[in-house]
Amino acid sequence: SRTSGSADSERKLASTSVWLKRSNLTSRHTIYAVNPAGSAGAANQITMVFENSGSNGDCITYNNGSVNRQSTSVYRDVSAWYHLCQIFDTTQSTAADRVKTYINGTLLTDINIGQDFSLNSNTAFGQTSVVHYLGRGGSTQYFDGYMAEIIFTVGQSVTVANFGETNDDGVWIPKKYTGAFGTNGFFIDGRDSSDLGDDESGNGNDFTSSGLAANDQVTDTPTDNYATWNAVDKGVVTLSNGNLDTILGADWAGVRSTFLIPTTGKWYWEITNTTLGYLQFIGLCDSNKTITNFNDGSTANRGWGYGSWFSTYNGNVTKYQSDVVSSGGTNWTGVPNPADGAVLMVAYDADNGSLWFGKAGTWFDSSGTANPATNTDPRFSSLNDGTEWFACWSASNTYAPVAKANFGQLGFAHTPPTGFSALSTANLPAPTIADGSTAFQT
């Protein structure tokens with residue numbers, strides 16, 4: 001949050017630009033708001049809300065009581081980054097042109113509710129002693145997800161092309177903003193983990209953060225998108241912290257990653273158990289695995305996991321291989337138990353379908369000489385059929401197991417084996433069809 005100074009002469013022109021990756025799709029999630037708990041009129045202006053309810057769409061593009069606009073479209077892909085841009089210009093003679101909202105460079109025209117600013121009226125931006133919020137609108141409407149490249153200008157005539165552009169593959173991508181910001185403008189890029197609200201515009205309009213710490217800075221960005229857990233591909237599982245943390249809340253419920261693992265390459269991720277459960281498993285599953293019931297008894301729907309009995313059940317380490325039902329629940333010998341707080345390592349070689357597990361920097365096998373880089377004694381082998389995902393599940397919700405995943409966006413605790421990479425777009429193979437719009441459209 002930040003309290004603005006006075007710049008009445010600039011309040012007819014304003015713009016917001018921010019890249020967003022959603023996590024939670026329930027209730028209202030406000031991206032940007034001006035004094036949401038304050039006085040009436042323009043000082044109660046909310047510029048962007050994801051609604052996720054009712055007959056209207058997701059986007060309330062602005063709302064200050066008497067002036068509001070809401071689209072019928074929805075934006076519910078939790079694996080994707082969206083670019084939101086709003087241009088305010090109350091000097092425009094056409095009422096509908098006085099605020100324009102763009103998603104990924106495309107102007108929203110599907111307006112279900114619409115009232116407009118009056119000609120030459122002042123917006124709330126830059127009004128004296130008005131609080132501006134990022135990621136909050138009111139006492140409960142917090143944004144749940146990721147933000148990058150947060151830009152705000154006042155008193156400047158800009159277009160969406162100042163903030164993004166279409167590349168040769170037809171994809172809307174970030175573009176460096178080179179214009180002026182105005183008195184109350186700012187640019188927050190999150191580069192300083194000790195000061196996440198630092199303004200890089202040169203104005204010194206820093207924001208004060210609340211509830212954020214250095215480890216809330218991640219390398220997951222619009223230009224290098226990382227896998228997370230998938231909020232729309234899960235059983236009774238509570239997700240938090242950017243869809244990286246899980247609480248498994250039902251027997252045999254699980255969650256898959258947002259990215260399908262490529263059929264080639266070597267992939268690595270980590271997970272830390274903070275509250276052990278009764279038979280909590282970490283591993284892989286295929287696309288057809290019943291995400292609400294991993295113990296579905298099917299030999300066709302496959303999952304492979306390394307898990308732990310709760311300590312009161314004598315600390316046995318257990319494997320679960322659901323394509324051979326009889327091996328489900330078989331104990332492994334000579335394998336360390338994943339105790340509370342231990343960083344568990346998972347490595348998957350898609351070239352030959354080998355799956356590895358380790359703990360606290362040491363890979364394990366029956367002889368204690370495992371080495372994923374040289375393909376020695378994997379815990380599972382011959383898995384790859386091109387439909388594998390990272391997965392997490394539990395046999396019982398009795399102890400509500402809690403775990404924190406890291407697909408690389410937080411920086412790994414241990415060095416991945418030679419040749420293994422994080423599952424992010426920068427490491428994916430080049431797609432056969434570079435310009436998706438040539439093969440698929442809504």
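# Reading cores, sheets and rings in a predicted model

Tutor: Let's start inside: the largest nonpolar core here has 50 residues, and those with the most contacts inside it are Trp229, Ile271, Leu355 and Phe390. This is a predicted model, in which local features need pLDDT of at least 70 and side-chain atom pairs count only at pLDDT 80 or more, while totals for chains, interfaces and linings use all residues. Residues are numbered from 1 along each chain as its sequence is written, and side-chain values use heavy atoms, with hydrogens and water left out.

Student: What is a nonpolar core, and what does buried mean?

Tutor: In soluble globular proteins, nonpolar side chains tend to be buried together. A nonpolar core is a set of buried Ala, Val, Leu, Ile, Met, Phe, Trp, Tyr and Cys residues joined through side-chain atoms within 4.5 Å. Buried means under 20% relative accessible area, exposed over 50%, and partly exposed in between (1.4 Å probe, protein chains only). Besides the core of 50 residues, there is a second, separate core of 27 residues that includes Leu20, Val99, Phe125 and Val130.

Student: Which residues does Ile271 touch?

Tutor: Counting contact as heavy atoms within 4.5 Å, and leaving out residues up to four places away in sequence, Ile271 touches Trp229, Ile282, Ala342, Val343, Leu344, Cys392, Ala403, Lys404 and Ala405.

Student: How do I read the strands around Ile271?

Tutor: Helices (H or I, at least four residues) and strands (E, at least two) are DSSP runs, numbered from the N terminus. Two strands pair if DSSP finds at least two bridges between them. Strand S22 covers residues 266–275; seven of its ten residues are buried, so S22 is largely enclosed by the rest of the structure. S22 runs antiparallel to S27, joined by seven bridges, and Ile271 stands opposite Leu344 in S27. With strand S31 (residues 402–406), S22 pairs in the antiparallel sense over five bridges; there, Thr275 has Val402 as its bridge partner.

Student: In what order do the strands of that open sheet come?

Tutor: Seven strands line up as S19-S20-S31-S22-S27-S28-S29, with antiparallel pairing. S19 and strand S29 (362–363) are at the edges with a single partner strand each, so one side of each has no neighbour in the sheet. Further in, S27 (residues 343–349) and S28 (residues 354–359) pair over six bridges, antiparallel, with Leu344 opposite Lys359 in S28.

Student: Why is strand S3 said to be largely enclosed?

Tutor: All the residues of S3 (residues 29–34), six of six, are buried, so the rest of the structure largely encloses that strand. S3 and S11 run antiparallel and are joined by three bridges, and Tyr32 has Leu134 in S11 as its bridge partner.

Student: How many aromatic pairs are there?

Tutor: Rings of Phe, Tyr and Trp (its six-membered ring) pair if their centres lie within 6.5 Å; planes under 30 degrees apart count as stacked, over 60 as edge-to-face and the rest as tilted. A search of the whole structure gives 21 aromatic pairs. Take Phe163 and Tyr177: their ring centres are 5.1 Å apart and their planes at 20°, so the pair is stacked. Both residues, Phe163 and Tyr177, are buried. Then there are Trp252 and Phe281, with centres 6.3 Å apart and planes at 10°, so that pair is stacked too. Trp252 is in the loop between S20 and strand S21 (254–257) and Phe281 in strand S23 (residues 280–286), so this pair links parts of the chain 29 residues apart. Trp252 has a relative accessible area of 15% and is buried; Phe281, at 1%, is buried as well. Ring pairs also link Tyr32, Phe152, Phe186 and Phe207 into a cluster.

Student: Where is Asn243, and what about its phi?

Tutor: Most residues other than glycine have a negative phi. Asn243 has a positive phi of about 60°, and its place is the loop between strand S19 (237–240) and strand S20 (245–248). Asn120 also has a positive phi, near 60°, and is found in the loop between strand S10 (111–114) and strand S11 (131–134).

Student: Which of the two is buried and which partly exposed?

Tutor: Asn243 is buried at 4% relative accessibility, whereas Asn120 is partly exposed, with a relative accessible area of 38%.
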